Amino acid sequence: MNRAEFAGVTFVNMPAALIPSSVAGTTSTAIAGDLGLPVLTHFRLILDYSHERLYAVPYPDAARAQFAKDRLGLSLTKADAGFAVEFVAPNSPAQAAGFKVGDKGTLINGKSVQAWPETSLANLRYSASGTTLTFTMQSGDIRQVKLADYF
């Protein structure tokens, strides 16, 4: 996304994804995407319950602070004794490695998916560019993905 403004702060070259409603869990025709929590981390939030207001006070470096960047392009969920692929971003390293929605696997980097805490599993996508992840699929196939900036 080239430019977005929130609470008086203009963000330039902000990573954003427009995730299909089937994955995002919304049926709204008014919402095409979600900037969400990454933007809010650049602000101190104050809830004024008595007046039903939210104040977003920017941190001093709010416009310059880096956003976590997805370098994998793969959304996973724990399923049975492994994982299931929920979303594959177009032109991503995951798509280049052959991942498709519905694929199922058992291991990531030789570790059982059940041994990965939810947050660690979700944060794999934010690993450094050049990191290689190895996925063992239910079929026994091995897929290696080298993380890279793809958008």
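Predicted model: local features only at pLDDT ≥ 70, side-chain atom pairs only at ≥ 80, totals over all residues.

Reply: Residues are numbered from 1 along each chain as its sequence is written, and side-chain values use heavy atoms, with hydrogens and water left out.

Me: Why is Tyr 49 called exposed?

Reply: Exposed means over 50% relative accessible area, buried under 20%, and partly exposed in between (1.4 Å probe, protein chains only). Tyr 49 has 67% relative accessibility, so it counts as exposed. Its place is in the loop between strand S3 (43-48) and strand S4 (53-58). Strands are DSSP runs of E, at least two residues; helices are runs of H or I, at least four; both are numbered from the N terminus.

Me: What makes the nonpolar surface patch of about 450 Å²?

Reply: Leu 45, Leu 47, Tyr 49 and Leu 54 make it. Patch residues have over 30% relative accessible area and no salt bridge; nonpolar side chains (Val, Leu, Ile, Met, Phe, Trp, Tyr) are joined within 5 Å, like charges within 9 Å. A salt bridge is a side-chain nitrogen of Lys or Arg within 4 Å of a carboxyl oxygen of Asp or Glu.

Me: Is Ser 92 buried or exposed, and why?

Reply: Buried, because its relative accessible area is 3% and the limit is under 20%. Ser 92 lies in the loop between S6 and helix H3 (93-96). Not counting residues up to four places away in sequence, Ser 92 touches Leu 72, Gly 73 and Tyr 150. Contact means heavy atoms within 4.5 Å.

Me: How do you know that S7 and S9 pair?

Reply: Pairing needs at least two DSSP bridges between two strands. S7 (residues 104-108) and S9 (residues 132-137) have three, in the antiparallel sense, so they pair. Gly 105 has Met 137 as its bridge partner in S9. Strand S6 (residues 82-88) pairs with S7 over two bridges, also antiparallel. There, Phe 83 stands opposite Gly 105.

Me: What makes a nonpolar core here, and which residues have the most contacts inside the largest?

Reply: A core is a set of buried Ala, Val, Leu, Ile, Met, Phe, Trp, Tyr and Cys residues joined through side-chain atoms within 4.5 Å. The largest has 18 residues; Leu 72, Leu 74, Leu 76, Phe 83, Phe 99, Ile 108 and Phe 135 have the most contacts inside it. Strand S5 (74-79), S6 and S9 each supply at least two of its residues. A second, separate core of nine residues includes Val 9, Phe 11, Phe 43 and Ala 62.

Notes. Areas by Shrake-Rupley, 256 points an atom, 1.4 Å probe, with all protein chains shown as cover.
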